[in-house]
Amino acid sequence: STAQIGVTGLAVMGRNLARNFARNGYTVAVHNRTPARMHALVEEFGGEGEFVACESAKDFVAALERPRRLVVMVKAGEPTDAVIQEFAPLLEPGDMIIDGGNAHFADTRRRERDLREQGIHFVGMGVSGGEEGALNGPSIMPGGPKESYDSLGPMLEKISAKAADGSPCVSHVGPDGAGHFVKMVHNGIEYADMQLIGEAYQLLRDVAGYSPAEIAEIFRTWNQGRLDSYLIEITAEVLSHVDAETGKPFVDVVVDQAEQKGTGRWTVQIALDLGVPVSGIAEAVFARSLSGHAALREASRGLAGPKAKPLSEAEARAFADRVEQALYASKIVSYTQGFHEIDAARGEYGWDIDLGAVSALWRGGCIIRAAFLDRIRAAYDARPDLPSLLSDTTFAQEIADAQDDWREVLVAATRQGVPTPGFAAALAYYDALRAERLPAALTQGQRDYFGAHTYRRVDRDGSFHTLWGGDRSETSA
Ligand code: NBP
């Protein structure tokens with residue numbers, strides 16, 4: 001046995017991760033259900049480092065140094081269970097199965113529990129950055145038993161992305177499903193980021209009247225400032241691209257129906273279970289789903305809307321600055337909601353996740369990498385028990401400075417009939433959190449009226465019920 005690590009499942013992600021380990025000086029055992037993929041990898045990239053070609057599961061296990069570190073990069077779901085069933089009987093206590101697929105964290109919890117009985121360490125590992133990241137340095141979110149990180153961590157730190165300050169974008173996130181949970185929320189935030197950027201684009205186009213090429217330039221400018229991020233950068237690239245066949249802006253020849261693989265939806269489903277208001281992320285998921293309802297949209301095309309009101313050049317420029325403020329403020333809210341969900345999971349599942357460390361993991365390699373994440377890290381470093389990112393004085397001040405423009409942008413969007421569910425949900429969340437009184441008091445009254453569900457009073461302890469059908473006197477419930 002000569003290999004320090006093994007990778008089974010050699011489609012794009014597994015192949016690139018295996019190459020990344022090999023390029024970093026590790027001897028990598030490689031295995032795939034269909035051996036042809038494994039042979040193709042060794043043939044094409046064998047020169048990049050030391051690979052041990054393994055045709056069978058038995059060869060693969062035999063090739064690994066103990067404790068064995070076996071990375072599984074297969075299609076999430078049943079294939080992962082099939083691979084575990086195949087390998088687990090061949091392993092010994094202390095060996096590690098590391099699932100780098102996009103597993104649902106509840107599956108990871110189940111698998112970890114089952115394998116723990118056998119003494120096998122199961123590490124559910126979120127990996128972000130797509131195939132490019134897998135090869136050149138992804139953001140890695142490993143969960144599982146803490147002791148597994150002692151021997152696995154240094155290897156992951158070597159192959160991971162590095163933040164601008166040189167620190168690796170990987171650390172032990174927490175027990176069992178914590179790594180996959182954090183990866184899931186990362187994807188939810190990614191959905192929200194993309195939706196907000198999409199709304200900013202649509203406003204610059206429909207309200208300010210800019211062309212895609214002009215908007216690309218605006219995004220390039222924004223990318224020099226506090227919005228500096230991978231998603232803003234690629235937005236400018238996509239918007240400036242021209243379709244070779246028609247000469248039209250690329251964005252105008254693409255069907256406007258967004259697809260999704262499911263991790264954004266999971267983020268919202270779990271948030272509903274945990275009772276966490278991730279309204280911005282939910283709007284992003286719903287916006288994608290609405291876009292896909294082609295027949296419904298076609299049938300609604302004749303519905304009345306406002307007339308467009310062109311802006312002067314100076315007005316358009318001022319409006320673009322306001323959109324930047326609205327985008328930034330809404331982004332702070334999305335991250336606030338995502339971190340709230342992780343915080344709630346800490347309580348629900350007993351995970352000791354360090355929220356500042358999570359934001360540090362996302363500074364490089366992954367899709368939401370951004371200068372902004374350093375700020376979140378600083379906020380949690382300054383105050384680890386921060387109740388919400390909005391309680392951080394720096395973020396609160398930035399939103400205070402942005403809020404007038406944020407509101408103006410939503411007024412313009414409403415007047416011109418440009419849908420901005422992300423911006424609007426973010427502002428509603430902000431206003432609801434800071435409100436002195438919410439209509440929830442009325443909701444409680446209604447619930448007590450029709451269902452005797454009782455209510456609490458502001459002036460004394462206890463639960464109460466009003467005899468709505470009788471003399472309307474109050475009783476202690
Ligand atoms: P796929 O998700 O397309 O999976 C293909 C791999 O799964 C092949 O190696 C295939 O083996 C293997 N496999 C299947 Br399908 N069923 C199997 C079974 N019953 N037993 C054993 N192996 C089986 O590959 P991918 O796009 O490289 O993604 C791998 C994982 O990484 C997924 O969980 C994905 O969600 C996750 N991920 C992907 C990205 C991305 O950007 N693509 C990013 C982050 C995470 P075969 O060759 O024999 O058919």
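**Group meeting: a walk through the model**

Asp176 sits in the loop between helix 7 (146–159) and helix 8. Its phi is near 25°, a positive value in a residue other than glycine. Why point that out? Most residues other than glycine have a negative phi. Please keep in mind that this is a predicted model.

There is another residue of this kind. Thr454 has a positive phi of about 70°, although it is not a glycine. You can find Thr454 in the loop between helix 20 (440–451) and strand 8 (464–466).

While we are on the backbone, have a look at Arg66 and Pro67. A cis peptide bond joins the two, with omega at about -10°. Most peptide bonds are trans. Pro67 has its place in the loop between helix 3 (57–63) and strand 4 (69–72).

Now let's step back to the whole chain. The protein chain has 20 helices and 9 strands. Its C-alpha trace spans about 75 × 70 × 45 Å along the principal axes. A compact globule of 477 residues would have a radius of gyration near 23 Å, and the chain has 25 Å, which agrees. Of those 477 residues, 48% count as buried. For contacts between residues at least 6 apart in sequence, 66% join residues at least 24 apart.

And the surface? The accessible surface comes to about 22,400 Å², and 51% of that belongs to carbon and sulfur atoms. On the charge side, there are 48 positive and 66 negative side chains, and the centres of the two sets lie 2 Å apart.

Next, a helix to zoom in on. Which residues of helix 9 (residues 212–222) are buried? They are Pro212, Ile215, Ala216, Ile218, Phe219 and Trp222. These residues cover an arc of only 160° around the axis, so they lie on the same side of helix 9. What do they pack against? Their partners are helix 8 (178–206), helix 10 (230–240), helix 11 (250–253) and helix 15 (313–349).

Last stop: Arg377, in helix 17 (residues 372–382). Arg377 counts as partly exposed because its relative accessibility is 29%. Leaving out residues up to four places away in sequence, Arg377 touches Gly356, Ser359, Ala360 and Arg363. The C-alpha atoms of Arg377 and Leu355 are separated by 7.9 Å, with the two residues 22 apart along the chain.

Technical notes
Residues are numbered from 1 along each chain as its sequence is written. This is a predicted model: local features need pLDDT of at least 70, side-chain atom pairs count only at pLDDT 80 or more; totals for chains, interfaces and linings use all residues. Side-chain values use heavy atoms; hydrogens and water are left out. Helices (H or I, at least four residues) and strands (E, at least two) are DSSP runs, numbered from the N terminus. The radius of gyration is taken over C-alpha atoms; the globule rule is 2.2 Å times the number of residues to the power 0.38. Buried means under 20% relative accessible area, exposed over 50%, partly exposed in between (1.4 Å probe, protein chains only). Contact means heavy atoms within 4.5 Å. Accessible areas come from the Shrake-Rupley method with a 1.4 Å probe; for residues, only the protein chains shown count as cover. Lys and Arg count as positive and Asp and Glu as negative; His and the chain ends are not counted. The place of a charge is taken as NZ of Lys, CZ of Arg, CG of Asp or CD of Glu. The arc is that of the directions from the helix axis to the C-beta atoms.
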